Amino acid sequence: MPDENARPPAAGQLAGEPDGFDRLWTPHRMDYIDGPARPVAGAGDTKDCPFCAVPALGDDAGLVVARGALAYVVLNKYPYNTGHVLVCPYRHVGDYADLERGELVEMAELTQTAVRVLRESYGADGVNLGMNLGAVAGAGITGHVHQHAVPRWRGDANFLPIVARTKSLPELLGQTRERLATAWPAADASGEGTSAQPLA
Ligand SMILES: [Zn+2]
């Protein structure tokens with residue numbers, strides 16, 4: 001039985017190092033996170049899902065860069081940077097945890113190839129890879145998993161997105177698609193799998 005009147009330990013007795021951030025402790029939030037108010041993530045309607053619709057379009061119309069057997073690569077219509085691609089399974093599945101092994105492997109291979117192609121064809125200095133699962137995590141389309149690959153260049157950040165909520169993009173989407181699809185290794189484009197070979 002804990003002693004209700006016991007003094008809490010002094011801060012100096014606890015583990016950790018200060019990092020410059022203040023903490024706003026909100027334990028009441030756990031009721032929402034754990035409880036019945038939690039939103040159902042991953043629900044989605046294939047009829048209204050752009051990631052289900054895109055594969056049926058032509059590569060040009062759909063801005064498709066490469067097609068695998070279980071997953072494909074498409075340009076983000078709302079790019080953070082020129083060359084921002086999304087790797088998606090064909091299957092309408094909202095949660096990364098529900099992907100099947102084949103989908104996981106091919107998404108990883110396509111992502112790896114995307115990194116290589118973005119370096120080769122756009123001279124990217126770096127790439128941000130990421131996935132937002134659920135609306136609270138920032139996903140715009142929660143019902144269909146998609147892996148972002150965003151090329152980065154030294155000095156590519158400027159004041160425009162912060163001050164004017166505007167991205168500066170020096171190339172049209174169709175041109176970007178053409179450039180990436182041309183640079184994409186043939187094995188991926190034919191859906192035969194491996195992207196392990198280096199770019200020629
Ligand atoms: Zn879908």
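Guide: Welcome! Donors are N, O and S atoms within 2.8 Å of the metal (3.2 Å for Na, K and Ca), and since water is not among the atoms, sites may look incomplete. This is a predicted model, where local features need pLDDT of at least 70, side-chain atom pairs count only at pLDDT 80 or more, and totals for chains, interfaces and linings use all residues. Residues are numbered from 1 along each chain as its sequence is written, and side-chain values use heavy atoms, leaving out hydrogens and water.

Visitor: Which residues are the protein donors of the zinc ion?

Guide: The donor atoms lie 2.0 to 2.3 Å from the zinc ion. In sequence, the donor residues follow the spacing C-x2-C-x39-H-x51-H. They are Cys49 (SG), Cys52 (SG), His92 (ND1) and His144 (ND1).

Visitor: What arrangement do the 4 donor atoms make around the zinc ion?

Guide: Four donors count as tetrahedral if all angles lie between 85 and 135 degrees. Here the angles subtended are 102 to 119 degrees, so the arrangement is tetrahedral.

Visitor: Which residues of α6 make the contact with α4?

Guide: The axes of helix α4 (residues 101-122) and helix α6 (residues 173-183) come within 9 Å; helices are DSSP runs (H or I, at least four residues), numbered from the N terminus. Contact means heavy atoms within 4.5 Å. Val117, Leu118, Ser121 and Tyr122 of α4 meet Thr176, Arg179, Leu180 and Ala183 of α6.

Technical notes. Axes are lines fitted to C-alpha atoms, for helices over the stretch in contact, and angles run from 0 to 180 degrees between N-to-C directions. Helices (H or I, at least four residues) and strands (E, at least two) are DSSP runs, numbered from the N terminus. Four donors count as tetrahedral if all angles lie between 85 and 135 degrees; four count as square planar and six as octahedral if opposite donors are over 155 degrees apart and all others between 65 and 115; anything else is irregular.
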